[in-house]
Amino acid sequence: MRLLLGPLAALLGSPALADMPRYDVEAYCKEVAGFGGEYSELMYDGCFEMEQAAYNDLKPRWDGLGATLRSYCDQVATFAGGGSYSMLEGCVQMEEQAASTNNTFQY
């Protein structure tokens with residue numbers, strides 16, 4: 001059924017549903033927890049909780065984000081390897097905030 005949504009959405013002019021990127025949170029958090037040579041279970045657990053919270057916050061609104069924003073922030077979140085939902089969420093938040101700010105240059 002989901003395969004039909006893409007072509008159907010294109011015909012109707014609405015955006016197709018976009019899947020959240022899949023990052024290997026366990027591997028990412030193990031790398032973070034082992035940074036500097038000493039492994040920290042506390043860092044691992046904290047990282048895992050942060051990643052889960054970021055994923056949970058983004059998941060319900062992912063489809064409503066523009067394709068360019070999703071793609072750009074996915075690239076930011078994966079620039080160092082496996083990917084981070086915390087980085088993804090931070091990117092989305094900063095990009096949305098920047099888009100809503102009307103900065104003007106003053107001489």
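In the predicted model, helix H4 packs its residues Leu69, Tyr72, Cys73, Asp74, Val76 and Ala77 in contact with Met87, Leu88, Cys91, Val92, Glu95 and Glu96 of helix H5. By class, the residues of this contact comprise nine nonpolar, no polar and three charged. The axes of H4 (residues 67-77) and H5 come within 8 Å and cross at roughly 135°; H4 is therefore oblique to H5. The crossing of H4 past H5 is right-handed.

Helix H5 (residues 85-100) also meets helix H3 (residues 41-58), the two axes coming within 8 Å and crossing at roughly 45°. This angle makes H3 oblique to H5. The crossing of H3 past H5 is left-handed. On the H3 side, the contact is formed by Met50, Glu51, Ala54, Tyr55, Asp57 and Leu58, and on the H5 side by Tyr85, Ser86, Leu88, Glu89 and Val92. Seven nonpolar, one polar and three charged residues make up the contact of H3 with H5. Leu88 and Val92 of H5 take part in the contact with H3 and also in that with H4.

The largest pocket has a volume of about 230 Å³. It is lined by 14 residues, of which Tyr28, Glu31, Ala80, Gly82 and Gly83 are the closest to the pocket centre. Helix H2 (residues 25-33) gives the most to this lining, with four residues. Eight residues of the lining are nonpolar, four are polar and two are charged.

Notes:
Residues are numbered from 1 along each chain as its sequence is written. This is a predicted model: local features need pLDDT of at least 70, side-chain atom pairs count only at pLDDT 80 or more; totals for chains, interfaces and linings use all residues. Side-chain values use heavy atoms; hydrogens and water are left out. Axes are lines fitted to C-alpha atoms, for helices over the stretch in contact, and angles run from 0 to 180 degrees between N-to-C directions. Helices (H or I, at least four residues) and strands (E, at least two) are DSSP runs, numbered from the N terminus. Angles under 35 degrees count as roughly parallel, over 145 as roughly antiparallel, 65 to 115 as roughly perpendicular and the rest as oblique. A crossing is left-handed if the near helix is turned anticlockwise from the far one by less than a right angle, and right-handed if clockwise. Contact means heavy atoms within 4.5 Å. Ala, Val, Leu, Ile, Met, Phe, Trp, Tyr, Cys and Pro count as nonpolar, Asp, Glu, Lys and Arg as charged, and the others, Gly among them, as polar. On a 1 Å grid over the protein atoms alone, a cavity is a set of points where a 1.4 Å probe fits but cannot get out, and a pocket is an open set with protein on both sides within 12 Å along at least five of seven lines; lining residues have an atom within 4 Å of a point. Grid points are joined across faces, edges and corners, and a volume is the space filled by probe spheres set on the points.
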